[in-house]
Amino acid sequence: MKAPELLLPAGGLERMRTAFDYGADAVYAGTPRYSLRARNNEFAHLPVLEQGITEAHARGKKFFLASNILPHNAKLKTYLADMKPIIAMQPDALIMADPGLIMKVREKWPEIPIHLSVQANTTNAWGVQFWQSIGIERIILSRELSINEIAEIRQQCPDIELEVFVHGALCIAYSGRCLLSGYFNHRDPNQGTCTNACRWDYKVHNTADSDSGDAQLLPGFDFNQAKSLADNALYGLNDQQRHPLANKVYLIEEANRPGDMMPIMEDEHGTYIMNSKDLRAVEQVAKLAEIGVDSLKVEGRTKSVYYVARAAQVYRRAIDDAVAGKPFDYSLLAELEGLANRGYTTGFLERHQTQEYQNYLSGHSLSKQSQYVGKVTAVDSEGWATIEVKNKFSLGDQLEIIHPGGNQIIRLEAMTRKGYPVEVASGNGIEVKIPQMLGKDNALIARIIPQAEAN
C-alpha cells in the first residue's frame with residue numbers, strides 16, 4: 001500500500017515548521033488577495049512566503065499555494081502581474097478553482113502544476129477526466145462524496161492524483177460556497193473574508209416576541225411573505241406529516257447583535273441552526289490509502305500551532321500504521337478530542353443518521369480529554385524548561401509533553417516563576433519553569449483533564 005501524502009495548513013512560518021516537525025509531507029498556504037486565506041496569514045508578505053517555500057524545499061517537503069478565489073472582474077486586472085513574482089518562487093503547485101484564472105495561468109506559466117480546489121465541486125469521474133484533459137495534475141474531491149464514490153472515481157481515473165479532506169471544519173454550504181457572511185457582514189466568503197457566521201451563537205424567538213417592541217426586525221422583512229413561503233413548503237403534506245409548529249415563522253438573534261431579529265422557518269423535521277460538527281476521518285485513513293487516494297488533507301487555516309502539531313502527529317501515525325498493516329489505534333481518537341472542536345463527524349464519507357450531521361447541543365468549541373496549556377521556549381543545561389503559558393495548570397497535574405521525538409506523560413512535581421516556587425501557572429501571558437525537560441526543546445504541553453472534571 002502506498003502511503004498517501006499528509007497535507008497540513010500553514011498560516012505562517014511557525015505553523016509550517018510545526019507541521020513538518022510532526023510529520024506533514026506538504027503544507028498549503030495562500031496569498032490573501034487571491035485565495036480564501038485572508039485571515040491570520042503571514043504569507044501575505046512576499047519575503048515571508050519566499051522564505052517558507054525555500055525552507056520547505058530544503059527539508060524535502062512541498063509547499064502548495066492556494067489561489068482559489070472565485071474572482072470578480074476587478075481582480076482580473078491585477079492577477080497576472082501580482083502572481084509573477086510568486087510563480088518565480090517555485091511553489092510546488094497552485095490550488096485553483098476558477099476556470100478563467102486556470103486558463104490564463106496555463107497560458108502564461110505552463111510549467112506550474114495546478115491542483116483543482118474543492119471549491120470547484122468535483123463529484124464525478126467525468127468531471128475529473130475533463131479537468132485532467134486540460135492539464136490539471138490533482139483533483140481535490142468534493143467533501144460531499146462517500147468512500148464508495150471516491151473508490152469508483154479512483155477506478156475510473158487511475159492516472160491522476162486525488163486529494164481528500166480528512167479533518168477540520170465543515171461548511172454548511174456546498175463545498176464551502178457560502179453566502180452567509182456576505183449577507184450579514186458584507187464580507188464575502190468566496191473572496192477570502194469569511195466571518196464564520198454559521199458558527200455564531202444564535203437564540204430562537206417566536207414571532208410573537210417581536211410584538212413587545214423590544215426587537216428591531218431586519219429592514220424589508222415581510223412576515224406575511226415569510227408565512228406564505230412556509231405554507232408553500234408544506235404544500236401537499238397531510239396533518240400527520242406536518243409538525244404542529246411547522247408553518248410558523250421564527251426569529252434568530254445573534255449574541256453580538258441583541259435585538260436584531262432574523263427570520264427562519266421550521267419544517268416538519270425541525271429547525272436547523274447552522275453549526276456543523278467538525279470532520280474527523282482518522283478511522284477512514286486505511287480505507288482511503290487502500291483505495292489509492294494520493295493526499296489526505298487537514299483543514300485549519302486559522303488554527304493554533306498546537307492544532308497543527310497534534311493533527312499532524314495523529315494522522316502521521318494513522319497513515320504509517322495503515323501502510324504497515326497494523327489495526328487502527330483507537331487512542332488516536334482521544335488525542336484528537338483534545339483539540340478544540342465542535343463535536344466530530346465523518347461527514348459524508350460514511351452514512352449516518354440525520355442527527356449526527358449537526359451539533360445541536362453545543363454551538364461553541366469544546367476541548368475534551370486534554371487541554372493545550374503551554375509551549376516550551378527554552379531549556380537550560382539543567383533541564384529546566386521555560387514555558388509560555390496558554391492556559392492554567394498546577395502542581396500535581398498530569399501533563400503530556402508533545403514532541404516530534406515522541407510524547408511523554410509526566411506528573412508536575414515542581415514549578416518556579418521568576419526564581420520562586422509556585423503551585424499554579426495562572427494562565428495566558430506569563431512564563432514559568434518546570435524541571436526534567438532535557439531534549440524537549442520547542443515541545444508543546446497539554447494538561448490531561450481528569451474524568452470527573454471532563455464530565
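Helix axes here are lines fitted to C-alpha atoms, and angles between them run from 0 to 180 degrees between N-to-C directions. With that in hand, let's look at some close-ups of this predicted model.

View 1. Helix α1 covers residues 13-21 and helix α2 covers residues 46-58; their axes come within 10 Å and cross at roughly 15°. Angles under 35 degrees count as roughly parallel, so α1 is roughly parallel to α2. The crossing of α1 past α2 is right-handed.

**View 2. The largest nonpolar core brings together 91 residues.** Those with the most contacts inside this core are L8, F63, I139, L141, I150, L288 and Y315. Helix α10, residues 305-323, gives the most to the core, with 11 residues. For a closer look, pick L8: beyond residues up to four places away in sequence, L8 touches A19, A24, A26, V27, Y28, V298, V308, A311 and A312. A second, separate core has 18 residues, among them V373, V389, M415 and M437.

**View 3. Q313 sits in helix α10.** Is Q313 buried or exposed? Its relative accessible area is 9%, so Q313 is buried. Setting aside neighbours within four places in sequence, Q313 is in contact with Y22, E335, I402, H403 and N407.

How values were computed:
Residues numbered from 1 in each chain as written. Predicted model: local features only at pLDDT ≥ 70, side-chain atom pairs only at ≥ 80, totals over all residues. Heavy atoms only, no water. Helix = DSSP H or I, 4+ residues; strand = E, 2+ residues; numbered from the N terminus. Parallel < 35°, antiparallel > 145°, perpendicular 65-115°, else oblique. Left-handed = near helix turned anticlockwise from the far one by under 90°. Core = buried A, V, L, I, M, F, W, Y, C linked by side-chain atoms within 4.5 Å. Buried < 20%, exposed > 50% of the residue type's maximum accessible area, 1.4 Å probe, protein only. Contact = heavy atoms within 4.5 Å.
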